[in-house]
Amino acid sequence: MTTVNFTEMKNGSKEDYLLLDEYEQKYIDGTADRILKFLGGLNSTLEGYKITRLEHSLQAATRALNDKASEEMVVATLLHDIGDELAPLNHSEYAAAVLKPFVSGRTHWIIEKHGEFQMYYFAHHLGGNRNQRDKYKDHKYYVDAVNFCENWDQASFDPRSRQCFYHQTKSPYLSGCLSVILPALI
Ligand SMILES: [Fe+2]
Ligand SMILES: [Fe+2]
């Protein structure tokens, strides 16, 4: 592999940076594959649930798919918890940052805020404020985020649905949009 001549960036030439740019474009093209590979590894995180994070992600995305959500939203739902492994304290922002170059402002906002909206279902059991989402009540995507959590996210922890959802995720639609849409939007 050809490499640059510099050891400090300030000494790099135009040719060096053109070379790096070429490599970077190829690397960007592989983003979707890397994300999917990472998602596939979410099989051993967050103990205590009846299903793994990967299964939860597949269930939530399949619910979005069945509700005729846009392809973008189905993919975003599939990836909404990818921050769990490396950013457990702000996993929503992590996932939103990964998605940001590829999705609409609406989708980005829903994914970025879903952690706070999910608090509605459990925070009061832990002495927290389940209504933290209320501070966004006047936001144009507030209802969309409520619906994301109610219909897809909080509802997708059911081990009895495993077979059904695995079958669904083998559909050409979902696998196709995963492998095609992200690179196409770069
Ligand atoms: Fe989440
Ligand atoms: Fe989730």
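Which residues of the largest nonpolar core touch the most other members? Ala61, Ala64, Val74, Ala76, Leu79, Ala95 and Leu99 do, in a core of 25 residues. The legends below set out the overall fold, this core and the helix contacts.

**Figure 1. Overview of the predicted model.** This is a predicted model, in which local features need pLDDT of at least 70 and side-chain atom pairs count only at pLDDT 80 or more, while totals for chains, interfaces and linings use all residues. Residues are numbered from 1 along each chain as its sequence is written, and chains are lettered from A and ligands numbered from 1 in the order in which they are written. The protein has nine helices and zero strands, where helices (H or I, at least four residues) and strands (E, at least two) are DSSP runs numbered from the N terminus. Along the sequence the pattern reads α-α-α-α-α-α-α-α-α. Of the 186 residues, 28% count as buried. A residue is buried if 20 or more other C-beta atoms lie within 10 Å of its own, exposed if 12 or fewer, and partly exposed in between, with C-beta atoms placed from the backbone. Among contacts with a separation of 6 or more, 56% come from residues 24 or more positions apart; two residues are in contact if their C-beta atoms, placed from the backbone, lie within 7 Å.

**Figure 2. The largest nonpolar core.** A nonpolar core is a set of buried Ala, Val, Leu, Ile, Met, Phe, Trp, Tyr and Cys residues joined through C-beta atoms within 7 Å. Ala61, Ala64, Val74, Ala76, Leu79, Ala95 and Leu99 touch the most other members of the 25-residue set. At least two residues of this core are supplied by each of H3, H4, H5, H6 and H7. Leaving aside residues up to four places away in sequence, Leu99 touches Ala76, Leu79, Thr107, His108 and Ile111.

**Figure 3. Helix H5 and its packing partners.** In helix H5 (residues 91-99), the buried residues are His91, Ser92, Tyr94, Ala95, Ala96 and Leu99. These buried residues pack against helix H4 (71-78) and helix H6 (105-118).

**Figure 4. The contact of H3 with H4.** The axes of H3 and H4 come within 7 Å and cross at roughly 165°. Axes are lines fitted to C-alpha atoms, for helices over the stretch in contact, and angles run from 0 to 180 degrees between N-to-C directions. H3 and H4 are therefore roughly antiparallel to each other; angles under 35 degrees count as roughly parallel, over 145 as roughly antiparallel, 65 to 115 as roughly perpendicular and the rest as oblique. The crossing of H3 past H4 is right-handed, a crossing being left-handed if the near helix is turned anticlockwise from the far one by less than a right angle, and right-handed if clockwise. H3 contributes Ser57, Ala60, Ala61, Ala64 and Leu65 to the contact, and H4 contributes Met73, Val74, Thr77 and Leu78. By class, the residues of this contact are seven nonpolar, two polar and no charged. Ala, Val, Leu, Ile, Met, Phe, Trp, Tyr, Cys and Pro count as nonpolar, Asp, Glu, Lys and Arg as charged, and the others, Gly among them, as polar.

Figure 5. Leu65 lies in helix H3 and counts as buried, with 22 C-beta neighbours inside 10 Å. The C-alpha atoms of Leu65 and Val75, ten residues apart along the chain, are separated by 9.2 Å. Lys68 is in the loop between H3 and H4 and counts as exposed, with 8 C-beta neighbours inside 10 Å. Most residues other than glycine have a negative phi. Phi of Lys68 is positive, near 65°.

**Figure 6. The contact of H3 with H7.** Helix H3 (residues 53-66) and helix H7 (residues 142-153) have axes that come within 9 Å and cross at roughly 110°. H3 and H7 are therefore roughly perpendicular to each other. Ala60, Arg63 and Ala64 of H3 meet Asn151, Trp152 and Asp153 of H7. Three nonpolar, one polar and two charged residues make up this contact.

**Figure 7. The contact of H6 with H7.** The axes of H6 and H7 come within 9 Å and cross at roughly 65°, which makes H6 roughly perpendicular to H7. H6 passes H7 in a right-handed crossing. From H6 the contact takes Arg106, Ile110, Lys113, His114, Phe117 and Gln118, and from H7 Asp144, Ala145, Val146, Phe148, Cys149 and Asp153. These residues divide into six nonpolar, two polar and four charged.
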